[in-house]
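Look at the structure below and follow the text through it.

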Amino acid sequence: MKFRIPRGTADLLPGQVEKWQYVEEKARELCRRYHFSEVRTPLFEQTELFQRGVGETTDIVEKEMYTFEDRGGRKLTLRPEGTASVVRSFVENKMYAEPQPTKLYYIGPMFRYERPQAGRQRQFHQYGVEVFGTLEPSVDAEIIDLGYRFYTSVGLTDVQVELNSVGCPQCRPEHRAALVDYLTPRKEELCKDCLSRLDRNPMRILDCKNESCRRLTEEAPKMIDYLCHDCGPHFEAVQENLKLLEVPFRIDTRMVRGLDYYTQTAFEYVLKGKGGGSLGGGGRYNGLVEEVGGPDMPGVGFAVGLERVILALDEKGVELPLQQGVDCFLITLGAEAKKQGVTLLRKLRDAGLSAERDTMDRKMKGQMKAADRLKASFVAILGENELKENRIGVKNMATGHQETICLDKLVDYIREARKS
Ligand SMILES: [Zn+2]
Ligand SMILES: [Zn+2]
């Protein structure tokens, strides 16, 4: 029997995985600077958490969840996104009782049963942040800025922020009524999905990708014209702060994001130019904590898809500054040198250098080839003669320069050379 990887999943192999590590490292470093702490929640949760926390009428809950029953008869779902789990953890661990705000981030796999395509996997990876406890519009801007910085720091410099306000439970009903009034006489032109959204969640029709729906909603009532005395000034202040931070943004009144829980701010990161498209996004969710059983406490966050980031980096031909090979490849000739080599290798590694040796009993020529294959910066050669004199040969593989140095000096020699 031949085993195959499940559809919509990927092995991240050496050569590719270094890019992932680089991108994740940037994400963590930015979170450190913006003072976010990591939270790690389980990969599965009670199914009901996502039904409530993501929304019954979303595509995710309706068609994309990996739901199963465990041996104890519990209904569980592999997390399709990160926010619901983080909110559950925030509530369950009574983080709301601490002085606010609470600033958390996560990086990890999510699961959705979707048709796999470039940048879209069934097991995919997201980096996300959440801030709880503050209504401050400058925090919305801070988060948008953090996400924007993340893209630019990995080398995606032509990212545009699209911004909208989706209002709140006070002002949304009026817009909803106006939207339904506008769309109902024209409902023949709506796609099948939107026809069912018309009753349940008409705002979602605004960001349908179907041509006919897009034409139809071009002139439809805009949420930003219906914002209440809370949402209007909030939206203004978010924009003001984005300008202060020099984050390039554009207002897109039809962008509502696919999740039900957003209030006020909604935003998306879009890659400009060829092969563009959404890289991620987020928004404010002032009712979600309560929805998941906590107190009435606001939240705001984003989630970005890491597959799309990696894909965009590849498509744009961005060269990441990844370390290519080992610092030192140690060649030993003879049994005694081999024995000495074991501790020498350890000394190199203790000094923070990456070091490797031959473990296939290759001859000198074969070991040299191995050093080449591993893209070694230096090759250190320890033979019987060198050993007798307590010396070792060193070759700089870039310049070809070769010399013999005192055996005790090897670690310092390579460390110094790597610095310059
Ligand atoms: Zn409002
Ligand atoms: Zn549609």
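What makes the arrangement of the four donor atoms around the zinc ion (ligand 2) tetrahedral? The four atoms subtend angles of 105 to 115 degrees, which makes the arrangement tetrahedral; four donors count as tetrahedral if all angles lie between 85 and 135 degrees. Ideal angles for four tetrahedral donors are 109.5 degrees.

This is a predicted model, in which local features need pLDDT of at least 70 and side-chain atom pairs count only at pLDDT 80 or more, while totals for chains, interfaces and linings use all residues. Residues are numbered from 1 along each chain as its sequence is written, chains are lettered from A and ligands numbered from 1 in the order in which they are written, and side-chain values use heavy atoms, without hydrogens and water.

The donors of ligand 2 are the SG atoms of Cys191, Cys194, Cys208 and Cys213, at 2.2 to 2.3 Å. Donors here are N, O and S atoms within 2.8 Å of the metal (3.2 Å for Na, K and Ca). Their residues follow the spacing C-x2-C-x13-C-x4-C. Both Cys208 and Cys213 are buried, meaning under 20% relative accessible area with a 1.4 Å probe, protein chains only.

The zinc ion (ligand 1) is held at 2.3 Å by SG of Cys168, Cys171, Cys228 and Cys231. Its site is tetrahedral too, with angles of 101 to 115 degrees. The donor residues are spaced C-x2-C-x56-C-x2-C. Cys168 lies in the loop between β7 (159-165) and α6 (172-183), and Cys231 in helix α9 (residues 231-244), so the pair ties together parts 63 residues apart in sequence. Helices (H or I, at least four residues) and strands (E, at least two) are DSSP runs, numbered from the N terminus. Cys168 and Cys231 are both buried.

Notes
Four donors count as tetrahedral if all angles lie between 85 and 135 degrees; four count as square planar and six as octahedral if opposite donors are over 155 degrees apart and all others between 65 and 115; anything else is irregular. Buried means under 20% relative accessible area, exposed over 50%, partly exposed in between (1.4 Å probe, protein chains only).
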